[in-house]
Amino acid sequence: MLKRIMLAIATVLNASLALATPLTMENLGDGIYVHHGVHEDTSEGYHADICNISFIVGSKGIAVIDTGGSLKTGQALREAIRQVSELPILYVINTHVHPDHIFGNAAFTQDKATFVGHEKLPDAMERRRENYLRINQQWLGEDFNGSELVKPSLIVKTTANLDLGDRTILLTAYPLAHTNTDLTVLDKKSSTLWTGDLLFVERTPSIDGDIKGWLAVINELKNNEAEFAIPGHSSSLKDANWKKQLNDQERYLWTLLNDIRASIKKGEVMEKAMGTAAASERSYWQLFDIVNRRNVNNIYPALEWE
Amino acid sequence: MLKRSLLIGCLSLIAFGNIAHAESDPKKWPLVREAFFAQRPMADAPFITFVAPRRAESGAQVPLEIAIDQTQAHANGIKTIYLLVDSNPIPLTATYNLTNKLGKFKLATRIRMEMDSYIRAVGETADGKLFLASVEIRAAGGCGGTVDGDEAAIRAAAGQIKMNVESPVKFGNATSTTFIIKHPMRTGLQRDLVSQGFVPAFFIQKAAFTYNNETVMNVDFGVGTSEDPYLRFNFIPSAPGVLAVKAVDNDGKEFSHQTDVKN
């Protein structure tokens, strides 16, 4: 009888654990797997699956790089990992504080994974907590159920190495750029750099930190010797030349900065610049009309003090 | 090298959940109105208009323009405009006390919005009649948010003023003037992660504008006015002179600036 009850419980447990459909992963070889999100805006119609989500399988265990925008996405990622490997999930790394990258974290608390992030990530999560929970609930409804902020317990001030057995990955923290919590991950074994949102591909780069700081970081990344990069957002890695992608992004940011400076110098108003700044970049980027306007609104007031 | 091959799994995540569309809550206005204008009648004001985004790009700096299509000489000349944001934790965002030197009032500012909300401009006449104009803006997250950076540097820079009068000046006509004052405008609602409480409110309370020592406009700011308070308004300089501003923050610290208005 007891055995039967146990069996029944186990069946129920299995059923509930198997609910998530595994996330579609691209196998890049060398133990590296990437999921590409879709280029939706974070507003109504957002499905918590817009960024690139990755994991690296080492001989000792697995490191996850970003977890998507909801517990549901995180669970789907975990399912996908478990289709590939039964090794322990050792680390869950967040490349920065934005909700599309962090709200799947809770799917990995059961693994006793070490959560890893920029030195400023715990504070940034706390400051944004109420707002993030409210707006994501509003956008996602019940698909956001169970999502919570899981803060890093291992923080990176400058650099840190994480041991995955046959490979060590190098984490680097950056000063104020895309956000105040930007972190890259380098896997030397495959010569691959995860840039987080320090590099956007296709999707219009969004600025939530400091445009000049970001341009400085781009200069630094140009010297990075990694052969491949996995950006924060992209639909594919096919034939990707990440240094060219970095140049494209730099060109957008410089155009935006120069156009805003010119607007301020001419005595124009921000509302006008929101429709005109960086207009020459419009055809190169997705979600341009939404994100570019937001960028101008975010950075114009500070640039008035230059 | 990296091999790009097989796909694992078969379906990307498709969410079918009920998406709750939050919208500005019209039930808040009766409460706000009662708190600020208890029992007083209020008429619609088609002569008060807004230029505002339908959806704010940034809740921290929402551009908003208010205009009154009549002057002080009108029988119902508006002496005071109260700017309120229904859904903000502290609705009263600014109070503009007007004079006839402004001509037809036209002012642009930048405000904070915590969530979707109606914006109210309540005009008050000299004899206490109230007129209401409203606009709805969708927005998120402008009131709590981030307080980060070097506190000493922020305090040291607070109070710097930039003022610019459009040139060439056409004396006797409406002239656009831009005023910005550097100030963090701490709401008192931002988290202090050290004390686990809140960062104390720290904001510009007043700015008084004069032209050749005569009052042009007095502004009382609330914390719903964005960081680095911004005003762009028309006034009518009758002759060359000096536009001056005196501002004070809630620590009692005073800041002043003046600019020559000439041909």
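**Entry 1: a helix pair**

I recorded that helices α5(A) and α6(A) are roughly antiparallel to each other, in what is a predicted model. I traced this to the angle between α5 (residues 211–222) and α6 (residues 242–265) of chain A, whose axes cross at roughly 155°; angles over 145 degrees count as roughly antiparallel. I also found that the two axes come within 10 Å. I noted the crossing of α5(A) past α6(A) as left-handed.

**Entry 2: residues where the helices meet**

I looked up which residues take part in this contact. On the α5(A) side I listed Ile211(A), Trp214(A), Leu215(A), Ile218(A), Leu221(A) and Lys222(A). Their counterparts in α6(A) include Lys243(A), Gln249(A), Glu250(A), Leu253(A) and Trp254(A). Sorted by class, the contact of α5(A) with α6(A) has 10 nonpolar, one polar and three charged residues.

**Entry 3: the sheet**

I then turned to an open sheet of five strands in chain A, ordered β8-β9-β10-β11-β12, with mixed pairing. Which strands stand at the edges? I identified β8 (159–163) and β12 (228–233) of chain A; each has a single partner strand, so one side of each is left without a neighbour in the sheet. From one strand to the next, I noted a twist averaging 25°.

I followed β8(A) to its partner β9(A) (residues 168–173): the two run antiparallel and are joined by five bridges. Within this pairing, I found Thr172(A) in β9(A) to be the bridge partner of Thr159(A).

**Entry 4: helix on sheet**

Finally, I returned to α6(A), which packs on the sheet and touches β11 (192–200) and β12 of chain A. I recorded about 15° between the directions of α6(A) and β11(A).

Methods: Residues are numbered from 1 along each chain as its sequence is written. Chains are lettered from A and ligands numbered from 1 in the order in which they are written. This is a predicted model: local features need pLDDT of at least 70, side-chain atom pairs count only at pLDDT 80 or more; totals for chains, interfaces and linings use all residues. Axes are lines fitted to C-alpha atoms, for helices over the stretch in contact, and angles run from 0 to 180 degrees between N-to-C directions. Helices (H or I, at least four residues) and strands (E, at least two) are DSSP runs, numbered from the N terminus. Angles under 35 degrees count as roughly parallel, over 145 as roughly antiparallel, 65 to 115 as roughly perpendicular and the rest as oblique. A crossing is left-handed if the near helix is turned anticlockwise from the far one by less than a right angle, and right-handed if clockwise. Two residues are in contact if their C-beta atoms, placed from the backbone, lie within 7 Å. Ala, Val, Leu, Ile, Met, Phe, Trp, Tyr, Cys and Pro count as nonpolar, Asp, Glu, Lys and Arg as charged, and the others, Gly among them, as polar. Two strands pair if DSSP finds at least two bridges between them.
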